[in-house]
Amino acid sequence: MRKLFLERQGLAASPSTPIDKKDVLRLVKLLAYVQVDSINVVERAHHMILYSRNRNYRREMLTELIEKDRELFEHWTHDASILPASYFPHWRHRFGDIQQRIKESRWRNRLGAKPELVLEAVMQRIRSEGGLRTRDFENAGGVKRNSWWGWTEEKSALELLWRCGELGIRRRERFEKVYDRMELAIPARYFQKQIDRAASVDWKCREALKRLGAATAVEVAAFWNSFPTATARDWIEQERDAGRLLDVLVETADGSKARPRVALPELEKALGSAPSPPRGLRLLSPFDPAIRDRKRTAWLFGFDYSIEVFVPAAKRKYGYYVFPILEGDRFTGRIDLKAHRKEGFLEVKGLWWEAATEVSAKRQRALDRCLAQFAKFVGVDEVRWKKNPD
C-alpha cells in the first residue's frame, strides 16, 4: 500500500525528468491540491511540494498557470490551497455552505456595525478598479481594526467574500493576495458549469479514495474537508451495498493489527502495478499532502511526525521547520533547515536519522547532494551545518 500511496502522491517517479508547466498542471491534478502557507523560513510550501516531486520545477511555471492560463485557482480545502480550475464547479456548494455558516457566526461582527455596507463598498471598488490588495483600502493603515488578528473591516470583508466565492485571488504580489471578481479568475467553461450536490459528493469521495488507495469515512471526509464524516459514511454504505466498493485490511508498518478500510474495485490491480519509488533522498515540506494526515503517516510508514512551528522553542523535540527525509517508500530521518538569503547560505540546524536507519558515509553523501540541489533552488550558494541542539 505504501508504494501505491506514494505513486498517487507523485513520489514514485524520477525527480529529475524534464518538466514544463503542462506537467506541473498534471502534477497538481494528481495531488488534487497543493497547500499554500505563509511561512518562508526555507521555501513557500506550494513551491516546495512541487519541487520535491521534480527538481526541474520552477516557480514561474505555477505562476503562469494561475495568473495567465487560469488553469489553477486558490481556495480552501483543509487550508488555503491551489486547485485545478476544473474543480471549481464542485466548490459552488462549498461557497453556499460557507455563506450559511457565516450568517450564523461571529464573522459578521468583524465587519463592524454595518456589515452589508462594508461588503458592498468593497465589492464596488473592485468592480470599478479591478484587482485590489488589503493595503489598497483606505482604512488598512490602522483605523477601525477589529480584534480578529488586528484585521481591518475591509480585510475581513475581502476574506469573507473570497471564502464565499464572490471574489477570487487573481494573483499574489510578494505573497500578498490581489482580490478580483471570481469570474475573472476562472475560465468561463468552468465558471458557468453547474453540478448538483449529490454528484459532487460522489466525485469528491471517489477522488479521495483514488489518492488514498483505501480509507475510512473519516479519512475520505478529511481529504477535502468539504462535508461532514456522516456524509462520507452514507456514501460508503450506499456504494458498498451497490457492490462498487471493497472492504479491505491494510497492513501496518509495525506489524500490528491490520486497519479495516474501503477501496475502489481496481485497488488489487493498482497494487500489483505500483512501481517502487526511486531510492534517492527527497525532502518533504512540513505541509506536504503525503504527510498531512499524521495518524495515517504513523501507522502506514511507522513515522511519527508533527510540525513544531507553534510549539515554544524550549518544548520542541526537534526544531521549528523540520523536513521529513523520504528514501524509496520509507522515511529515514528528519532535518531542520533555515535559509539565510541575505547571507547566501542554507543552514542545517539539526539532523535526526530514524532508529532503523544505517548512518553510513554513502547516505551522508547522498544527503549532501540533496541539500546542495535544494540550496540552489532556494537561491543560496552553500550549505552550512550546525550541531544538533541536543
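Author: A residue is called buried when its relative accessible area is under 20%, exposed when over 50%, and partly exposed in between (1.4 Å probe, protein chains only). The model is predicted, so local features need pLDDT of at least 70 and side-chain atom pairs count only at pLDDT 80 or more, while totals for chains, interfaces and linings use all residues. Residues are numbered from 1 along each chain as its sequence is written, and side-chain values use heavy atoms, with hydrogens and water left out.

Reader: Is Thr77 buried or exposed?
Author: Thr77 lies in the loop between strand 2 (72-76) and strand 3 (80-84); helices (H or I, at least four residues) and strands (E, at least two) are DSSP runs, numbered from the N terminus. Its relative accessibility is 0%, and Thr77 therefore counts as buried.

Reader: Which residues is Thr77 in contact with, leaving aside its neighbours within four places in sequence?
Author: Contact means heavy atoms within 4.5 Å. Trp91, which is 14 residues from Thr77 in sequence, has its C-alpha 9.7 Å from that of Thr77. With neighbours within four places set aside, the residues in contact with Thr77 are Tyr33, Leu83, Trp91, Arg94, Trp224 and Asn225.

Reader: What is the length of the polar contact between the side chains of Thr77 and Ser81?
Author: A polar contact is a pair of N or O atoms within 3.5 Å; within protein, one must be able to donate a hydrogen and the other to accept it, and residues adjacent in sequence count only if both atoms are side-chain atoms. The side chains of Thr77 and His78 are joined by one of 3.1 Å. For the side chains of Thr77 and Ser81, the polar contact is 2.9 Å.

Reader: How many salt bridges does the count come to?
Author: Side chains of opposite charge can pair when their charged atoms come close. A salt bridge is a side-chain nitrogen of Lys or Arg within 4 Å of a carboxyl oxygen of Asp or Glu. Under this rule the number of salt bridges is 30.

Reader: Which residue forms a salt bridge with Asp23?
Author: Asp23 is partly exposed, at 25% relative accessible area. With the closest N and O atoms 2.3 Å apart, the partner of Asp23 is Arg26.

Reader: At what N to O distance do the side chains of Glu239 and Arg244 meet?
Author: Glu239 is buried, with 2% relative accessibility. Arg244 is partly exposed, with a relative accessible area of 37%. Their salt bridge has an N to O distance of 2.6 Å.
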